[in-house]
Amino acid sequence: MKILISNDDGYLAPGIVALANALAPIAEIVVVAPDSNRSGSSNSLTLDRPLSVYRAENGFYFVNGTPSDCVHIALTGVLSFRPDLIVSGINQGQNMGDDTLYSGTVAAATEGYLFGIPAIAFSQVEKGWAHLDAAARTAREIVERRFDAIQKPYLLNVNIPNLPYGDLKSAVATRLGKRHQSEAVIKTTDPHGREIFWIGPAGAAKDAGEGTDFHATAKGHVSITPLQIDLTHTAQLDALKKGLA
Ligand code: MN
């Protein structure tokens, strides 16, 4: 098995190092990741400047671009083979519910999925890297499952509670929950007295009911949500057609 690994926390992040170390014994791996933290970059591609690919001492490739850039460049310009799987993460912090729209971790996986390659995004629920070894071991086990029962390509979003391996509960299939709207921006001034803004935190969970990613991880389960990309609001199509008639 050949696996392309990326992330949005940057190629130096503990999460991608742990993921690469966990997958190296079971696959041929190549790491292509951003040169710096690009969390929240969603599916953006860099179109206003050229991109460069560098190689670190540990063999990881890093790019002065976004997670989507990394996977896009790897698949179309760097790799001499087509990977069997794209794996992203392990992200520092959860990507649940509406987070998936903003997440660079999910985006790296999505870019592979858009090229027809199965892809899995991994995130730890809490920031701080606690029990990263357990998350990496869990990620390897999920990769090894191969998911032959679901149609390829698949796009799976995995969230892992920060628990010791022995305390993690089974992996369960979930749907995305929903968050309340985001917190307001934080308004402050720079050293020159000019007004500046920091984007505030995501909203708290709103739909965290049974069956959601929020619910599963709160109970200590590993959450796996199958994602799709078609944003069409099918239920509104007919009403819109009538409105336009
Ligand atoms: Mn991140």
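Let me start with a definition: helix axes here are lines fitted to C-alpha atoms over the stretch in contact, and angles run from 0 to 180 degrees between N-to-C directions. Helices (H or I, at least four residues) and strands (E, at least two) are DSSP runs, numbered from the N terminus.

Hello everyone! What we have here is a predicted model, where local features need pLDDT of at least 70, side-chain atom pairs count only at pLDDT 80 or more, and totals for chains, interfaces and linings use all residues. Residues are numbered from 1 along each chain as its sequence is written, and side-chain values use heavy atoms, with hydrogens and water left out.

Now to our helix pair. The axes of α2 and α4 come within 8 Å and cross at roughly 25°. That makes α2 roughly parallel to α4, a label for angles under 35 degrees. Which residues meet there? From α2 we have P67, S68, V71, H72 and L75, and they meet G104, A107, A108, E111 and G112 of α4; contact means heavy atoms within 4.5 Å. By class, this contact has 5 nonpolar, 4 polar and 1 charged residues, with Ala, Val, Leu, Ile, Met, Phe, Trp, Tyr, Cys and Pro counted as nonpolar, Asp, Glu, Lys and Arg as charged, and the others, Gly among them, as polar.

Let's stay with α2, residues 67-78. Its buried residues are P67, S68, D69, C70, V71, I73, A74 and L75, where buried means under 20% relative accessible area, exposed over 50% and partly exposed in between (1.4 Å probe, protein chains only). What covers them includes α4 (104-114) and the strands β1, β2, β3, β4 (61-63) and β5 (85-91).

Is G65 buried or exposed? At 0% relative accessibility, G65 counts as buried. Leaving aside neighbours within four places in sequence, G65 touches P34, D35, R38, T46, R49 and L51.

Finally, the metal. The manganese ion is coordinated by D8 (OD), D9 (OD), S39 (OG) and N91 (OD1), at 2.1 to 2.2 Å. Donors are N, O and S atoms within 2.8 Å of the metal (3.2 Å for Na, K and Ca), and water is not among the atoms, so sites may look incomplete. D9 lies in the loop between β1 (2-6) and α1 (14-23), and S39 in the loop between β2 (28-34) and β3 (53-55), so the pair ties together parts that are 30 residues apart in sequence. D9 is buried at 12% relative accessibility, whereas S39, at 41%, is partly exposed.

Technical notes: Parallel < 35°, antiparallel > 145°, perpendicular 65-115°, else oblique.
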